[in-house]
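Dear colleague,

I am handing over the structure below, together with notes on what was found in it. Please read the notes alongside the coordinates.

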Amino acid sequence: MVSTALNAATADGSGAASDALVSIEGLSVDFDTGRGTVHALRDIDLEVPRGKVLGLVGESGCGKSTLAYSLIGLLAENARVAGGAIRMGDQDLTRLGPAAWRDLRGRRIAMIFQDPMTALNPVTTIGQQMLDIQYRDDTSRAAKRARAIEFLEQVQIPDAPSKLDVYPHQLSGGMRQRVCIAMALLTQPDLLIADEPTTALDATLEMQIVSLLRELQRKFGCSVLFVSHHLGTVAELCDEVAVMYAGEVVEYGSARAIFHTPGHPYTQALLDCDPARIKDATRDLPTIPGTLPDLRQPPPGCAYRARCPHGWERCEREHPPLYAGDAGDNRIRCHLADAEEGAA
Ligand SMILES: Nc1ncnc2c1ncn2[C@@H]1O[C@H](COP(=O)(O)OP(=O)(O)OP(=O)(O)O)[C@@H](O)[C@H]1O
């Protein structure tokens, strides 16, 4: 079956009907700074498939968090949507005002953060915070309390009723992140955004949280946007993957295509640098030579050109569109994938 995330960007631009929960269409986001405008997202086309996990990977500074925060209306004050739309149902999220966002956020779209303390109020008990989230529900306090306990049990917190009375600092980091997941799922959102949710945890806890997320995503049927540096975690958890570079999506497709037949030289380089894939433990960890371009002045042509081992003159001159990849269910922003170029 063709991946749902691909339907909006069919090579011929026909935009076949798809089962996307969210369609990001030509989204561009700028940050205004005293030293110029940072073009953090440039013409992003992507779909978050309904009931699946979409992974977002790429080097630090490529725009992953900006994309994630765009989807929940939490961009920094100096951010500006410079173009495009984020469609969810009949709404364009880029046009929502504060009241509409308050209605949507936490109810239909929820987020878990890298540092659970970002989301938890340090001076309020876990129980009170979980009651507060249910303020819209027309149920008794006892029913809300029971639901809070039920969700703490869903995230496998032992002796859940007793945890309602504790403060966040009384829990371990792993337990705090479980509480955040319980709080995020409490309103049964359609979309859960997870921005590096396991980075602060050790490897064992990371795997526990990832398998918990997978189990809960299947149970609740929500869509998940999972932002991570850890390719192994993304491979474990995600159905589809978007690879970002310098504010653009440079490749996307099924996790199978991205990890087994990567088409973009940048995706290949990312995989080559993944510590989990390097068999020879005595070797120094390889890195991708060069640095991200200055996003105040993104280069014309291919943004990866200066670091790419394959680049040629066309890459400097012509910005590559998303071409269909060999895997059949991936799209690649690289002239190497241009079938006509190959045929020439
Ligand atoms: N508030 C801001 N003002 C100015 N520039 C910003 C702001 N927030 C992010 N940026 C810039 O936008 C670009 C994208 O940043 P973003 O945080 O989205 O990347 P990222 O891929 O999530 O990185 P990381 O993995 O380190 O979180 C970077 O060049 C970053 O410096």
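This is a predicted model: local features need pLDDT of at least 70, side-chain atom pairs count only at pLDDT 80 or more; totals for chains, interfaces and linings use all residues.

Residues are numbered from 1 along each chain as its sequence is written.

The ligand is surrounded by 15 residues, of which Phe31, Ala40, Ser60, Ser65 and Thr66 are the closest; a residue is counted here if its C-beta atom, placed from the backbone, lies within 6 Å of the molecule. Two or more residues of this shell come from each of strand E1 (20–33), strand E2 (36–49) and helix H1 (64–70), and H1 gives the largest share, with 3 residues. Helices (H or I, at least four residues) and strands (E, at least two) are DSSP runs, numbered from the N terminus. By class, the shell holds 6 nonpolar, 8 polar and 1 charged residues, where Ala, Val, Leu, Ile, Met, Phe, Trp, Tyr, Cys and Pro count as nonpolar, Asp, Glu, Lys and Arg as charged, and the others, Gly among them, as polar.

Turning to helix packing, the axes of H7 (residues 173–185) and H8 (residues 203–220) are 11 Å apart, at an angle of about 15°; axes are lines fitted to C-alpha atoms over the stretch in contact, and angles run from 0 to 180 degrees between N-to-C directions. H7 is therefore roughly parallel to H8, a term used for angles under 35 degrees. On the H7 side Gly174, Gln177, Ile181 and Leu185 take part, and they meet Leu205, Ile209, Leu212, Leu213, Leu216 and Phe220 of H8, contact being taken as C-beta atoms, placed from the backbone, within 7 Å. This contact has 8 nonpolar, 2 polar and no charged residues.

The second pair is H4 (residues 126–133) and H5 (residues 141–154), whose axes come within 9 Å and cross at roughly 110°, so that the two helices are roughly perpendicular to each other, the range for that term being 65 to 115 degrees. Gly127, Met130 and Leu131 of H4 make the contact with Arg141, Lys144, Arg145 and Ala148 of H5, and these residues divide into 3 nonpolar, 1 polar and 3 charged.

Finally, an unreviewed UniProt entry lists residues 22–271 as "domain: ABC transporter", and such annotations may be inferred rather than shown by experiment. In the model, the end C-alpha atoms of that span lie 28 Å apart, and the span is 38% helix and 28% strand.

With best regards

How values were computed: Angles under 35 degrees count as roughly parallel, over 145 as roughly antiparallel, 65 to 115 as roughly perpendicular and the rest as oblique. Two residues are in contact if their C-beta atoms, placed from the backbone, lie within 7 Å.
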